[in-house]
Amino acid sequence: MPKTKKNIAIVDYGVGNLHSLVKAFKHFDENAFITEESKDIESADAIVLPGVGAFQAGMEGLRIRNLLDTIKNTAKNNKPILGICLGAQLLMSEGHEFGRFKGLGLIPGKVIMFDNSGEKIPHIGWNEIYGNKNIWRNTVLNSIDEGSDVYFVHSYIFKPTKKENILAYTKYGDIEFCSAIRKGNIYGCQFHPEKSGKIGLQIIENFIKLLG
Amino acid sequence: MKKIRIIPRLDIKGPNIVKGIHCEGLRVVGNPKDLAYKYFKDGADELLCMDIVASLYQRNFDFDLLRSLSDGIFIPITVGGGIRSINDINNALRAGADKVAINTHAIKNPKLLREAAKKFGSQCIVLSIEAKKTPEGWWEAYIDGGREHTGINAIEWTKKAIKLGVGEILLTSIDNDGTRKGYDIDLIKKIVSFSPVPVIVHGGAAGPESFFDILKTCKPEGLSAASIFHYKDFSIKDVKKYLINKKLRIRYA
């Protein structure tokens with residue numbers, strides 16, 4: 001019997017590289033599509049919040065498209081959400097990039113400048129993720145090895161208020177920062193799974209598996 | 001900790017990947033889609049795709065080609081060549097690019113860098129520098145695919161561009177490009193020494209030793225190469241194995 005394709009809404013709020021995300025989901029033969037319409041997001045099986053750019057511009061992009069409540073409701077309904085890079089940062093309560101701005105508030109915490117690492121910023125390139133393989137079971141990081149390399153491009157990091165929302169961490173220079181967050185079915189990756197080769201594709205596939 | 005990136009460079013002209021020496025005398029070495037996919041499979045950490053005649057012929061990067069090339073590739077792609085506006089950057093990102101490299105139009109209009117960094121974030125904007133040593137011993141910035149000189153000091157221009165917000169430097173030595181005689185240590189050392197943003201170096205990669213030498217002497221964040229991969233002198237895996245044996249931090253996939 002042919003499998004039913006999952007509808008995955010990739011939210012276009014005016015920032016970022018959407019094409020490669022669509023490709024990554026289509027690689028697994030899912031029905032991924034780019035949309036900025038509330039009704040598409042509401043009817044999808046899962047949503048992905050991509051994004052490259054500044055925090056405020058990202059929130060503004062969601063606001064002018066009237067998507068803030070749509071996304072918050074999606075979260076309330078326990079529908080899987082995957083935020084990537086800026087899209088993951090927007091899940092937090094507030095961002096401190098070029099000022100102080102309110103985020104979606106789906107995971108408590110803030111987004112702050114990545115400094116004092118003693119290394120170059122932006123943090124661009126491949127770096128390792130660590131965490132607890134038991135905690136990773138049945139999450140987007142299911143069966144991923146600790147120390148796997150994923151691709152980062154960012155100047156800001158999230159700081160979740162609660163430890164339980166930290167799914168993975170990464171070391172850069174003198175700093176250990178949170179590189180993946182989770183609260184129930186809401187996931188955020190500071191790195192780009194769609195750009196992280198085989199490991200990244202595994203993470204995307206894991207997310208699809210969450211949809212049942 | 002962060003890994004050093006090995007980045008094959010694809011110079012695109014029309015439907016082909018070409019390679020020259022000192023940015024001239026171009027030879028066709030393959031088809032963009034096939035080579036890009038091959039390098040992805042071989043474990044490239046990133047791809048660099050440059051339309052080397054777009055600026056010269058005053059036309060845009062071929063975004064249809066980019067769309068087809070990036071299909072099935074799940075590593076970052078930096079695109080350069082003929083990028084002259086915010087709109088071009090938007091189109092490049094939507095066609096599969098993750099970063100754009102700007103040279104000619106940044107020199108002609110430096111404000112473009114500030115605007116672009118503000119709109120897309122610094123991490124998305126790469127300053128591409130093509131530098132050639134003058135008889136007096138300073139490095140001059142070239143534009144239009146290494147063909148036109150500008151009279152601008154490449155080192156000073158880099159400093160200015162960093163202030164304008166670029167998030168990465170792609171540094172090509174025209175003198176060493178295509179020669180397979182090793183990277184331009186003097187030039188690279190100068191730029192890496194002050195750059196607060198990552199520097200990717202290009203031009204002259206020879207055997208795996210040349211990668212090791214430049215990493216040891218200058219510590220750039222990324223190493224780009226074309227000829228040695230195109231002409232199959234060494235594979236990406238050969239280079240990576242060698243560097244891992246030398247205890248460098250390399251992603252092996």
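1. Two strands pair if DSSP finds at least two bridges between them. Strands (E, at least two residues) and helices (H or I, at least four) are DSSP runs, numbered from the N terminus. On that basis, strand β1 (residues 5-13) of chain B and β4(B) pair in the parallel sense over four bridges. Arg9(B) has Leu48(B) as its bridge partner in β4(B).

2. A note on the source: this is a predicted model, in which local features need pLDDT of at least 70, side-chain atom pairs count only at pLDDT 80 or more, and totals for chains, interfaces and linings use all residues. Residues are numbered from 1 along each chain as its sequence is written, while chains are lettered from A and ligands numbered from 1 in the order in which they are written.

3. β4(B) also runs parallel to strand β5 (residues 77-80) of chain B, joined to it by four bridges. There, Leu48(B) has Thr78(B) as its bridge partner.

4. How many residues of strand β4 (residues 47-51) of chain B are buried? Five of the five are, so the strand is largely enclosed by the rest of the structure. Buried means 20 or more other C-beta atoms within 10 Å of the residue's own, with C-beta atoms placed from the backbone; 12 or fewer is exposed, and in between is partly exposed. Leu47(B), Cys49(B) and Asp51(B) point one way, Leu48(B) and Met50(B) the other. In a regular strand the side chains alternate between the two faces of the sheet.

5. Helix α1 (residues 19-26) of chain A is largely enclosed too, because six of its eight residues are buried. Among them are Leu21(A), Val22(A) and Phe25(A). The buried residues pack against elements of both chains, including β1 (7-11) of chain A and α2 (63-70) of chain B.

6. The chain interface: 28 residues of chain B are in contact with 30 residues of chain A. Contact means C-beta atoms, placed from the backbone, within 7 Å. The chain B side divides into twelve nonpolar, six polar and ten charged residues. Ala, Val, Leu, Ile, Met, Phe, Trp, Tyr, Cys and Pro count as nonpolar, Asp, Glu, Lys and Arg as charged, and the others, Gly among them, as polar.

7. Ile129(A) sits in strand β8 (residues 123-131) of chain A. It counts as buried because it has 27 C-beta neighbours inside 10 Å. Ile129(A) and Ala168(A) are 39 residues apart in sequence, yet 6.1 Å apart in space, C-alpha to C-alpha. Leaving aside neighbours within four places in sequence, the contacts of Ile129(A) include Val150(A), Ala168(A) and Thr170(A).

Note on methods
Contact = placed C-beta atoms within 7 Å.
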